[in-house]
Amino acid sequence: MSRISNINNSAREEYIVSVLSRETGLEGKVTPDLAVFDFLLFDDRDYRIIGEIKTRTDFYQEWFVADHKIDWLLKANETFRCTPWFVIYCLEDKMIYRLNLYDDYEYESVTRTNRYSTGNQTDKGRDIPLKYWERIDPNSSPNGGITSIQIK
Amino acid sequence: MNEADFFLSISEILTKRLTPEKATCREVRRLFQHPERDDLEIQRATRLAVFSKLAGVKPRWEEVHLVNRLFAYWTILTGLRRREEPWESIKDSAWNGAESLLFELPEYVAKAREELA
């Protein structure tokens with residue numbers, strides 16, 4: 001089962017957003033470090049998608065998503081009427097997994113401990129099975145492929 | 001709409017809910033009936049205002065009618081006044097957006113900011 005094991009890396013986030021940008025044909029932008037969400041996708045007329053990115057070291061059959069992240073994105077999109085995405089980048093298989101939070105999906109409610117936290121940080125959230133996530137292979141995207149420069 | 005009317009409208013929205021029924025000020029009621037008022041455009045203007053700085057993009061406000069910018073501004077102010085999510089987490093972006101929407105009238109935004117501080 002998925003553990004909380006996010007590793008913040010702004011270069012990696014830039015790379016992931018560039019892949020999402022190519023996939024959607026939209027412009028992408030990673031938000032500043034302290035922003036409550038991680039990225040925006042937009043065109044020259046409007047903002048279409050806002051979302052959160054998490055990196056997981058290992059591959060699992062379900063991905064953990066913290067309730068407070070889902071709650072904020074859904075609340076924000078009641079107001080802003082964008083599409084809320086949650087995106088996982090898995091270091092083990094080098095794939096991107098994307099979930100539209102407006103889609104129907106089943107999940108198991110769980111509590112997880114962050115193994116990288118210095119304290120005893122736990123989060124309530126959802127284990128959402130792999131079948132509900134769209135798998136994006138960055139290497140199959142036009143101009144895709146991970147390089148050591150893009151991911152440090 | 002002159003500046004005095006506009007100020008009345010701002011005061012209205014700071015003390016009342018954003019509906020024509022609750023708007024005791026005639027200017028605000030009139031704006032609800034304005035032919036250029038468009039709910040989708042108001043939502044778009046709200047998004048442009050709040051997200052553009054985060055995206056590093058300058059909104060093209062000349063393409064958005066003033067009436068829709070006013071309603072977007074009031075949407076933001078109403079959200080900030082409630083001190084609830086999602087506004088609490090994006091306060092800085094929201095105020096930046098409010099200033100951007102009313103770039104011609106920075107004193108009104110400053111006054112609202114003072115009142116809500």
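This is a predicted model: local features need pLDDT of at least 70, side-chain atom pairs count only at pLDDT 80 or more; totals for chains, interfaces and linings use all residues.
Residues are numbered from 1 along each chain as its sequence is written, with chains lettered from A in the order in which they are written.

**Exercise 1.** Find which strands pair with E6(A).

*Solution.* Start with strand E5 (residues 83-90) of chain A, which runs antiparallel to strand E6 (residues 95-100) and is joined to it by six bridges. Pairing requires at least two bridges found by DSSP; strands are DSSP runs of at least two residues, numbered from the N terminus. In this pair, Phe86(A) stands opposite Leu99(A). Next, look at the turn: four residues separate E5(A) and E6(A) in a hairpin, and Lys94(A) there has a positive phi of about 60°. Finally, turn to strand E9 (residues 134-136), antiparallel to E6(A) over three bridges, where Ile96(A) faces Ile136(A).

**Exercise 2.** List the contacts of Ile16(A) beyond its neighbours within four places in sequence.

*Solution.* Apply the contact rule (C-beta atoms, placed from the backbone, within 7 Å). The partners are Ile53(A), Val87(A), Tyr89(A) and Ile96(A).

**Exercise 3.** Work out how many residues each chain brings to the contact between A and B.

*Solution.* Count each side in turn: 16 residues of chain A meet 13 of chain B. Then see where those of chain A lie: H2(A) gives the largest share, five residues.

Key. Two residues are in contact if their C-beta atoms, placed from the backbone, lie within 7 Å.
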